[in-house]
Amino acid sequence: MTLTLRWHRVLPDPHCPACGELPDDSPAAARLSIEPRIKPARDRYRLRSLTARAADLEAAYHDEETGLVRSLAHGAQGGLTVAAAEIGLRGDDATESGYGRSRDYRTARVTAIAEALERYAGMEPGGRRTTVRAPYADVRAQAVHPETLGLYPAAAYRQPGFPYRPFDERQLYRWVWGYSFARSAPVLLPESYVYYRSRRTHPDEPALVYEVSNGCALGSCLEEAVLHGILEVAERDAFLLTWYARMTPPRLDPASAGDPALPLLAATIEAETGYRVELFDITLEQGVPAVWALAADATGEPHRARAACAAACHPDQGQAALNALAELGPLLPDLGRAYAARADLAAAMARDASLVTEMEHHALLYAEPSVFDRFDFLTRSTQTVPLRPDILGGADLGADLTAMIGRYLATGLDVVVVDQTTPEQRAGGFTCVKVVVPGTLPMTFGQANRRVHGLPRLVSVPAALGRAVPRELNPHPHPFP
């Protein structure tokens, strides 16, 4: 015994029966208004630098004994610094991890903390207590219809062991309030759709769909969080729609970027890994710039992962391309090690898609050389275009967000925002939201979980973009990592 004292910070838990003060969810609490937010520069879409606050944020959130973030580690991979932050979840010993990728350790570490905090809020309600439990038939005037969020065909529910139940208008569901910009009014969304771990916290409730952190985003204010939530929805929608409809997008010329960092990073990844990097313009009808990055093995050596993919979306397509490469570069060494250890599983999944059941299976499958021809719709592209300029670039982030939402409303889609901010996030000056755009393609993992039923944009968008309308959807698991 040394009698040494150590200080540990403890953040208040809103669920604590003694000191927690979790307010009720309500239509009034869901109402949002977009406020003016002067940007530090026209090409910046974050109002505050996380890196400048790195020491304070690590002190507030990282503590191996009492912190929300239990561990924080970093290393170098794929030409970038990569950090991982493990965060504990409420109610059990489960954890989630956030990741940061950057050119310096401090930025990577604090980005990993921010992503971990974002996931913490998306698991279960931590900012407001759910108050509505009703059948859809009783709340239809105020509710978003679950069919617009992507469900499953009738045959899926007949599969042995399928964990989800068909939507029933007379079945009791938990609902949470969000704000619809198309209706300019609060609306109800299924809790299990907004909070993707609620199926574990309420195991007796009927589970509608497999859901992940689609559209969840953290920001220094509401406007920042909503804008980045929309960008994530756009990224995943663009990637999945391109895959399922097998659209052939034009290639992008990295040399057309105003920032020399883009071609330099692409060249660094190629030199360091032996993969050829290609970028594709997968922007959809809203004109929000999106990029698909494909790495294909250029060495021809046996036992190497054949291909890997990443994607990103940003108002400036050059930055979207940088973000996609920042995901792709560090992925390649990990994928190479996974494929070396599990090549037999990759080959088996190539023969039987039902074996693709986990998130990591999607990338592992496309490390298998025999399925590289599934990318033919991409690699046969013969058109090369320059990167799109910034579509926003105003001095006010609030005005930029209004313009971004307007792009979706103009194409007949709604933008619905649920404020997920918890007291723990608010203590660090953060706002967290989930953005829902009914009708867009939701990211799922596991072949049995894919949600493409009843989403007409799979046909209407290729036609609107002048691409071939698919006779049938791509039956293969997607390659999103």
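Start by selecting helix α10, residues 317-351. R337 and D334 both lie in this helix, and because they are 3 residues apart, about one helical turn separates them. Their side chains meet in a salt bridge, with an N to O distance of 2.5 Å. D334 has a relative accessibility of 38%, so it counts as partly exposed. The model is a predicted one, so side-chain atom pairs such as this are counted only at pLDDT 80 or more.

Next, select R133, R174 and E205; salt bridges with shared partners join these residues into one network. Over the whole structure, a search finds 21 salt bridges.

**Strands β8 and β9**

Select R251 and E278. The closest N and O atoms of this salt bridge are 2.0 Å apart. R251 belongs to strand β8 (residues 251-252) and E278 to strand β9 (residues 275-281), so the pair ties together parts that are 27 residues apart in sequence. Are R251 and E278 buried or exposed? Both are buried. For E278 the relative accessibility is 12%, and the cut-off for buried is under 20%.

R276 is partly exposed, at a relative accessible area of 37%.

**Aromatic pairs**

Now switch to the rings. How many aromatic pairs does a search of the whole structure find? The search finds 18.

Select Y136 and W175 as one of these pairs. The ring centres lie 6.2 Å apart and the planes are at 35° to each other, a tilted arrangement. Y136 is in helix α4 (residues 136-139), whereas W175 is in strand β5 (residues 172-180), so the pair ties together parts 39 residues apart in sequence. Y136 counts as buried at 6% relative accessibility, and W175 is buried with a relative accessible area of 0%.

Move on to F162 and Y164. Their ring centres are 5.5 Å apart and their planes stand at 75°, so this pair is edge-to-face; the cut-off for that class is over 60 degrees. F162 is buried, with 14% relative accessible area. Y164 is buried as well, at 7% relative accessibility.

Then select F239, W243, W292, Y366, F372, F375, F377 and F480 together. Ring pairs link these residues into a cluster.

**Charges over rings**

Which residue lies over the face of F430? Select R53: it lies over that face, at 5.3 Å from the ring centre. For a second example, select K434 and Y193. The charged end of K434 sits over the ring of Y193, 5.2 Å from the ring centre.

**The annotated span**

Key:
Residues numbered from 1 in each chain as written. Predicted model: local features only at pLDDT ≥ 70, side-chain atom pairs only at ≥ 80, totals over all residues. Heavy atoms only, no water. Salt bridge = Lys/Arg side-chain N within 4 Å of Asp/Glu carboxyl O. Helix = DSSP H or I, 4+ residues; strand = E, 2+ residues; numbered from the N terminus. Buried < 20%, exposed > 50% of the residue type's maximum accessible area, 1.4 Å probe, protein only. Phe/Tyr/Trp six-rings, centres within 6.5 Å; stacked < 30°, edge-to-face > 60°. Lys NZ or Arg CZ within 6 Å of the ring centre and 35° of its normal.
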